[in-house]
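Biologist: Thanks for sitting down with me over this one. Shall we go through its side-chain contacts together?

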Amino acid sequence: MEYVSTRDKSRKVSAAYAIANGIAPDGGLYCPTEFPSLTAEDWHALANLDYKGRSARILGKFLTDFSGEELADYASKAYADNKFGGKDTAPVVALDGGKHMLELWHGPTCAFKDMALQMLPHLLTASLRKTGETRTACILVATSGDTGKAALDGFHDVEGTKIMVYYPVDGVSPMQKLQMVTQEGANVEVVAIRGNFDDAQSAVKRIFTDEATRAQLDRDGMMLSSANSINWGRLAPQIAYYVSAYCDMVKSGTVRMGEKVNICVPTGNFGNILAAYIAKRMGLPVNKFICASNRNNVLTDFFKKGGAYDKNRDFYTTTSPSMDILISSNLERLLFIASDFNDALVRDLMQSLNTGGHYQTPEAVFTNIAADFDAGCCDDAQAADTIRALWEKEHYLCDPHTAVAVRVYEDYRARTGDTTPTVIASTASPFKFCRAVVEALGGTLEKDDVTQLDVLTKLTGVAAPAPLAALAGKTPRFDRVVDKSEILQTVDLLKGM
């Protein structure tokens, strides 16, 4: 299996090279040159495996320069029972109205990013060895909240790596911030920026393509890599949990093997839903992907307005901060795939986005996309109503991001009459966003965010996850705040780690 840049498919690289380097030198994203098919034999085997086995088998289809034994070993370590609360790594919970909640937040940081970022350190360090790389991998991460902590947790004190996380100073929840700034490890750094997630993400991409910075790091024995979903090693592990959810639904009798499901995902950077789309390209029976956005509805507009993408709009800070994004990086991979790997087209579209903040997808390409996707959005008030309704009617507690997906799905079902069983990605523990959930349930807020865990527990009788409860009394290690224009200079911090 070979990989090419979405902006230049003339140079092919291995999976290990793509993972080690994170992003292509031209700023494009690495993408496989083909999508392997899941055979009847594969489906039979997958249905009878646990999550660890399913993950290793799916990854083996794409990472052909890794052995099956290697991937099985990585999966057993990444998804160890003591990390994910038991053997049911990504359980599916059936609710009324065709909703099947794929709970992806039972890992060490209580967010779906753990599903990939517990695997990525194994893949990255192995990729460095396979490519003969002897430099220290310096991992730069822009986060809107959850990726930062999950990456820090996955990479802290991993030999041969350093990691620096950038987050918008006013754009994450108090709990997300507390998780990041108290992170332990000698090889970690956390920097807040005055700006939003898009500012951080754009700045990190500039660092990757800045030749002077890369040359200086090389002289210092370091190289750049990424743990954002721009890295194929971050995206590929996410494919497995959609396949796993389908297998679980078949085993429970919800669907028969081969029957289609819908998949609804709350998304900002488009990586999670793109992983589901790739699963369909492999043979997962999917009727429709439902892309759910919050008030920052640039993706909803893209799907509803014929492929017109325009980031020139107001930016809103919402109760679902991990989706507060106006530049959805992984949409670039979808454009590349849907245009039959037309790198010249993608290069032109991304240039238009960089210079003018907008682009128009050609009609033929968007027709391919529209056949698979629907979309919708909801605001904070609607998300709060959904949190309250789910708890009162079904005794199911969810966070604001998941609530966005539930609301958009329910609107979709009412609008279309489509009763296909639907997998809804539940992306974070409700305790990561206590303030929003407590308010939605009519509770009384406390000043301290960790104390809020107890408030939510008293309201609902649901216990807070141990990793979040353990934050009580922890002393912050990181308090650096910089302007977005100064991010390039922060690379110097890597030398002192």
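This is a predicted model: local features need pLDDT of at least 70, side-chain atom pairs count only at pLDDT 80 or more; totals for chains, interfaces and linings use all residues.

Biologist: Which residue forms a salt bridge with K495?

Modeller: K495 is in the segment after β16, and its partner is in the loop between α11 (211-219) and β9 (222-226), 275 residues apart. With the closest N and O atoms 3.7 Å apart, the partner of K495 is D220.

Biologist: How many residues apart in sequence are the parts that K474 and E184 tie together?

Modeller: The two form a salt bridge, with 3.9 Å between the closest N and O atoms. K474 itself is partly exposed, at a relative accessible area of 34%. K474 lies in the loop between α22 (466-469) and β16 (481-483), and E184 in the loop between α9 (174-181) and β8 (188-194), so the parts tied together are apart in sequence by 290 residues.

Biologist: And D301, is it buried or exposed?

Modeller: D301 forms a salt bridge with K305, where the closest N and O atoms are 3.9 Å apart. K305 has 53% relative accessibility and therefore counts as exposed. For D301 the value is 15%, so D301 counts as buried.

Biologist: Turning to rings, what kind of pair do Y17 and Y30 form?

Modeller: Y17 lies in helix α1 (residues 15-21) and Y30 in strand β3 (residues 30-32), so the pair ties together parts 13 residues apart in sequence. Y17 is partly exposed at 25% relative accessibility, while Y30 is buried at 2%. Planes over 60 degrees apart count as edge-to-face. Here the ring centres are 6.4 Å apart and the planes are at 85°, so the pair is edge-to-face.

Biologist: Which ring does the charged end of R295 sit over?

Modeller: A charge over a ring turns up at K130 too, which lies over the face of F66 at 4.8 Å from the ring centre. For R295, the distance to the ring centre is 3.6 Å, and the ring is that of Y316.

Biologist: Last one: what span does helix α19 reach from its first C-alpha to its last?

Modeller: Helix α19 (residues 400-416) has 17 residues, and at 1.5 Å a residue the expected span is 24 Å. Its buried residues include H401, V404, V408 and Y412.

Key. Residues are numbered from 1 along each chain as its sequence is written. Side-chain values use heavy atoms; hydrogens and water are left out. Rings of Phe, Tyr and Trp (its six-membered ring) pair if their centres lie within 6.5 Å; planes under 30 degrees apart count as stacked, over 60 as edge-to-face and the rest as tilted. Helices (H or I, at least four residues) and strands (E, at least two) are DSSP runs, numbered from the N terminus. Buried means under 20% relative accessible area, exposed over 50%, partly exposed in between (1.4 Å probe, protein chains only). A charge sits over a ring if NZ of Lys or CZ of Arg is within 6 Å of the ring centre and within 35 degrees of the ring normal. The expected span of a helix is 1.5 Å times one less than its number of residues. A salt bridge is a side-chain nitrogen of Lys or Arg within 4 Å of a carboxyl oxygen of Asp or Glu.
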